[in-house]
Amino acid sequence: MYTVLYVEEEERIREQVKAYRFWQESEFSLKKVADRGAAALALLEKEDFDVVIADIRLPSGKGKGTFAESVRQMNYSGALVLLGSSCSFEAAREGMHLGALDFIPRPVGERKLMEVLTGIVPELERRRALKAQGKQGGISERQMEVLYGKLLGKEDGGEGLKKYMEEILNLLEKKYPREEQRKEAVFQIFQELYRRIGREFPWLLRIGAAVMEEWDGKKKEKSWKEDVFTSLDQLEGMVKRFHLDRIDGTVNRILEGMAAHLGEGACLVETADELELSRDYVRILFKQRMNMGQNEYLTMMRMEYGKSLLNRTNLKVYQVAERTGYGTIDYFSRLFKAYTGMTPARFRREG
């Protein structure tokens with residue numbers, strides 16, 4: 001269960017949010033509601049919350065600055081989700097600079113709140129694990145940066161990535177005498193890699209793609225070291241599938257917009273409008289930068305989101321189709337089978 005602190009100055013909205021059924025039907029619990037920034041900061045000093053939700057312009061109530069800035073200064077270890085009256089990328093980008101994990105334009109409906117909080121579960125799990133373990137896999141920050149760079153192709157990838165991981169495993173063998181300690185260290189390294197991907201490409205969290213594959217180093221058919229490289233191949237496969245090595249700042253903003261409007265039929269039009277660019281210009285730019293059509297990429301995003309919903313929720317298949325932007329269950333099912341090789345129902349059973 002993840003605990004939430006919701007900060008809202010308007011009483012009407014506070015009561016509306018408190019009445020959402022989502023709090024009783026999900027893994028999120030609305031632990032406290034505060035009406036001022038100062039009151040919320042006082043709560044954060046005394047109690048633990050996994051998520052804090054507040055307006056990006058909310059005053060701190062303690063001198064100059066906003067509530068979000070004060071939360072950042074106090075090194076809050078949970079997740080900050082910010083609200084705003086504007087859905088522009090400038091506001092969302094400002095929120096990210098303040099350490100927010102996601103940004104929600106007002107008004108905040110129950111469905112939108114559910115989608116955002118469900119999307120950040122992988123990051124919440126990572127932070128909870130790190131808080132409990134208090135470590136980053138037993139390697140230095142520089143080593144982690146090099147490993148992440150090789151994964152994203154910023155430094156030599158491919159064999160270079162595998163060779164560097166082998167060096168890390170050799171280092172862990174010298175550092176930790178017991179095999180279980182080494183396995184736990186590797187698990188934390190993978191958690192950190194996924195966290196960094198989610199931070200650089202937050203839209204991947206929205207669609208549930210940057211979720212760490214189950215790894216415990218205990219697969220009977222392989223040694224635990226072989227299992228490490230199998231997991232590394234899976235992570236590298238995600239990087240290649242989404243062409244993360246090609247994404248620049250502009251394309252990242254396009255993809256964030258696409259993820260935000262994923263369930264809408266006019267997703268690409270809405271994204272272009274938010275960027276204040278023509279649809280044709282965005283389409284051509286995307287093709288040039290990504291070497292892949294925007295419609296094809298959108299379908300991939302929708303299928304990955306559909307996989308996440310089928311795995312993580314009890315939504316009916318027709319509801320998953322609606323959430324992913326398809327008007328009919330038949331069309332969604334046909335695309336899903338072409339993408340995964342399985343029908344949605346079979347994927348839910350076996351995926």
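**Core, burial and cavities**

Analyst: Tyr297 touches Trp203, Phe242, His243, Ile247, Leu255, Met258, Phe286, Met290 and Met292, leaving aside residues up to four places away in sequence. Contact means heavy atoms within 4.5 Å. This is a predicted model: local features need pLDDT of at least 70, side-chain atom pairs count only at pLDDT 80 or more, and totals for chains, interfaces and linings use all residues. Residues are numbered from 1 along each chain as its sequence is written, and side-chain values use heavy atoms, without hydrogens and water.

User: What makes a set of residues a nonpolar core?

Analyst: Its members are buried Ala, Val, Leu, Ile, Met, Phe, Trp, Tyr and Cys residues, joined through side-chain atoms within 4.5 Å. The largest such core has 94 residues, and Ile197, Trp203 and Tyr297 have the most contacts inside it. Helix α16 (residues 294-312) gives the most to this core: eight residues.

User: Why does Gln188 count as buried?

Analyst: Buried means under 20% relative accessible area, exposed over 50%, partly exposed in between (1.4 Å probe, protein chains only). Gln188 has 1% relative accessibility, so Gln188 counts as buried. Gln188 sits in helix α10 (residues 179-200).

User: What makes a space a cavity?

Analyst: On a 1 Å grid over the protein atoms alone, a cavity is a set of points where a 1.4 Å probe fits but cannot get out. Two cavities of 30 Å³ or more are counted.

Technical notes:
Helices (H or I, at least four residues) and strands (E, at least two) are DSSP runs, numbered from the N terminus. On a 1 Å grid over the protein atoms alone, a cavity is a set of points where a 1.4 Å probe fits but cannot get out, and a pocket is an open set with protein on both sides within 12 Å along at least five of seven lines; lining residues have an atom within 4 Å of a point. Grid points are joined across faces, edges and corners, and a volume is the space filled by probe spheres set on the points.
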